[in-house]
Amino acid sequence: QVQLVESGGGLVQFGGSLRLSCVASGTFVDIWTMAWYRQVPGKQRELVASISRIGDAMYADSVKGRFTISRDHAKNTIYLQMNSLKLEDTAVYYCNADVTAVNGRPSWYYWGQGTQVTVST
């Protein structure tokens with residue numbers, strides 16, 4: 001079984017910064033692409049940023065230049081450094097990972113439980 005646990009969310013003022021972390025644990029063979037998504041009530045979950053196994057990063061247009069995704073393979077962890085936060089960044093942020101849990105079996109996407117980020121005036 002694979003577990004993803006996010007942390008680092010909270011309340012921050014407009015223009016401030018937060019750093020989210022997501023740790024993968026359990027039994028698995030390899031972790032491929034990892035990503036951050038976010039969701040607000042009544043809207044679809046949207047991709048914020050992703051990072052491949054070799055470190056190629058992609059960002060949603062709305063966060064380019066403000067957010068940075070990074071990865072620590074040794075710790076099975078990804079981070080999301082969020083700077084210059086805006087009110088519209090308020091959402092539940094979810095970690096997602098493409099994981100091969102058993103050798104020879106197809107990989108599977110796993111989700112964390114989410115962490116709330118609230119940007120206030």
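Leaving aside neighbours within four places in sequence, Arg 19 is in contact with Ser 7, Gly 8, Tyr 79, Leu 80 and Gln 81. Contact means heavy atoms within 4.5 Å. Take Leu 80 from that list. Arg 19 and Leu 80 are 61 residues apart in sequence, yet their C-alpha atoms are 5.5 Å apart in space.

A word on the source. This is a predicted model: local features need pLDDT of at least 70, side-chain atom pairs count only at pLDDT 80 or more, and totals for chains, interfaces and linings use all residues. Residues are numbered from 1 along each chain as its sequence is written, and side-chain values use heavy atoms, with hydrogens and water left out.

Where does Arg 19 sit? Arg 19 belongs to strand β3. Strands (E, at least two residues) and helices (H or I, at least four) are DSSP runs, numbered from the N terminus. Arg 19 counts as partly exposed, because its relative accessibility is 48%. The cut-offs are these: buried is under 20% relative accessible area, exposed is over 50%, and partly exposed is in between, with a 1.4 Å probe and protein chains only.

Now follow β3 to its partner. Strand β3 covers residues 18-26, and six bridges join β3 to β8. The two strands run antiparallel. Two strands pair if DSSP finds at least two bridges between them. Look at Val 23: its bridge partner in β8 is Thr 77.

Strand β8 also pairs with β7. Six bridges join β7 to β8, and these strands run antiparallel. Here Thr 68 has Gln 81 in β8 as its bridge partner. Is β8 mostly covered or uncovered? It is mostly covered, with five of its six residues buried.

Most residues other than glycine have a negative phi. Asn 76 is not a glycine, yet its phi is positive, about 50°. Asn 76 is in the loop between β7 (67-72) and β8 (77-82). Asn 76 is partly exposed, because its relative accessible area is 26%.

Ser 84 has a positive phi of about 50° although it is not a glycine. Ser 84 is partly exposed, because its relative accessible area is 41%.
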